[in-house]
Structures are given as C-alpha cells and as structure tokens.
Amino acid sequence: MQRTGEVKLGELLSNYVDEVGFRDSFESLDVCEAWRAAVGQRAASATAYAYFKQGVLYCSITSSIIRNQLYFSLDGIRSDINARLGSSLVRQIVLR
C-alpha cells in the first residue's frame, strides 16, 4: 500500500467534525462555558439555561437583580467571551 499524502491528525479530525456537522454543537459548548467564566460564579449559578445559535447567545437568568446587573454590562461580557474563544462568534447576547 502506497501513501498518497500525509494529513495531520488535527486536520483529519477537524475535517471529520465539519463533515458530520458537529461544529455548531462544539461551538455552542465552548460559548456556554465562556459565558460561565465571563460572568462569574454568582451569575452562572443564576443562569437556568444558555444556548448559542447563529451568533446569538440566549441566557435565561432566574434572578431579576442579577439579570439587570448583567444587562448593563452586556458589551463587556460579549467582548470577554469572544476574547476567551479567540474569535468573534458571539454577535449578540439576549437575556431572558
């Protein structure tokens, strides 16, 4: 058997993830983890759920006080999340 070309394992896995369609799921997990790290433990514990879809991070906050505090610092949080991810995936954050 003759080798036709060498491919790095990272490239192979990345191509497979794209081909199967898991890229969005992995990005969603990364964004939600970055949300928890960016807002801190108190706000993360008040987050009932968070999901990411098409550049928008949707977060349900159980405490109205924490939701109001987060609302006034959304631009900073979005910048922090994008900095943690190393890209500008998050275009908008919606608090519910």
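Q54 is found in the loop between strand 1 and strand 2, in a predicted model where local features need pLDDT of at least 70, side-chain atom pairs count only at pLDDT 80 or more, and totals for chains, interfaces and linings use all residues. Residues are numbered from 1 along each chain as its sequence is written, and side-chain values use heavy atoms, with hydrogens and water left out. Phi of Q54 is near 50 degrees, a positive value in a residue other than glycine. Most residues other than glycine have a negative phi. Q54 is also exposed, because its relative accessible area is 66%; here exposed means over 50%, buried means under 20%, and partly exposed is in between, with a 1.4 Å probe and protein chains only.

**Overall layout**

- The chain has five helices and three strands, where helices (H or I, at least four residues) and strands (E, at least two) are DSSP runs numbered from the N terminus.
- Reading from the N terminus, the order of the elements is α-α-α-β-β-α-α-β.
- The radius of gyration of the chain is 17 Å, well over the 12 Å that the globule rule gives for 96 residues, so the chain is more spread out than a compact globule. That radius is taken over C-alpha atoms, and the globule rule is 2.2 Å times the number of residues to the power 0.38.
- Along the principal axes, the C-alpha atoms of the chain fill a box of roughly 65 × 20 × 20 Å.
- Of the contacts in the chain with a separation of 6 or more, 57% are between residues 24 or more positions apart; contact means heavy atoms within 4.5 Å.

**Surface and charge**

- Buried residues account for 31% of the 96 residues in the chain.

**The nonpolar core**

- The largest nonpolar core has 22 residues, and those with the most contacts inside it are W35, L57, L70, I81 and I93. Such a core is a set of buried Ala, Val, Leu, Ile, Met, Phe, Trp, Tyr and Cys residues joined through side-chain atoms within 4.5 Å.
- Two or more residues of this core come from each of helix 2 (23-39), helix 3 (41-45), strand 1 (47-53), strand 2 (56-61), helix 4 (64-71), helix 5 (74-85) and strand 3 (92-95).
- Helix 2 gives the most to this core, with six residues.
- Apart from neighbours within four places in sequence, I81 is in contact with A34, W35, A38, L57, V90 and I93.

- N82 sits in helix 5 and counts as buried, because its relative accessibility is 11%.
- Not counting residues up to four places away in sequence, N82 touches S87, S88, L89 and V90.
- V90 belongs to the loop between helix 5 and strand 3, and it counts as buried at 2% relative accessibility.
- Beyond its neighbours within four places in sequence, V90 is in contact with V31, F52, G55, L57, R78, I81 and N82.
- V90 and S28 are 62 residues apart along the chain, and their C-alpha atoms are separated by 10 Å.
- G86 lies in the loop between helix 5 and strand 3; at 66% relative accessibility, G86 counts as exposed.

- F26, in helix 2, is partly exposed, with a relative accessible area of 42%.
- F26 and S14 are 12 residues apart in sequence, and 11 Å apart in space from C-alpha to C-alpha.
- S60 is part of strand 2 and counts as buried at 14% relative accessibility.
- Leaving aside neighbours within four places in sequence, the contacts of S60 are A46, T47, A48, Y49 and R96.
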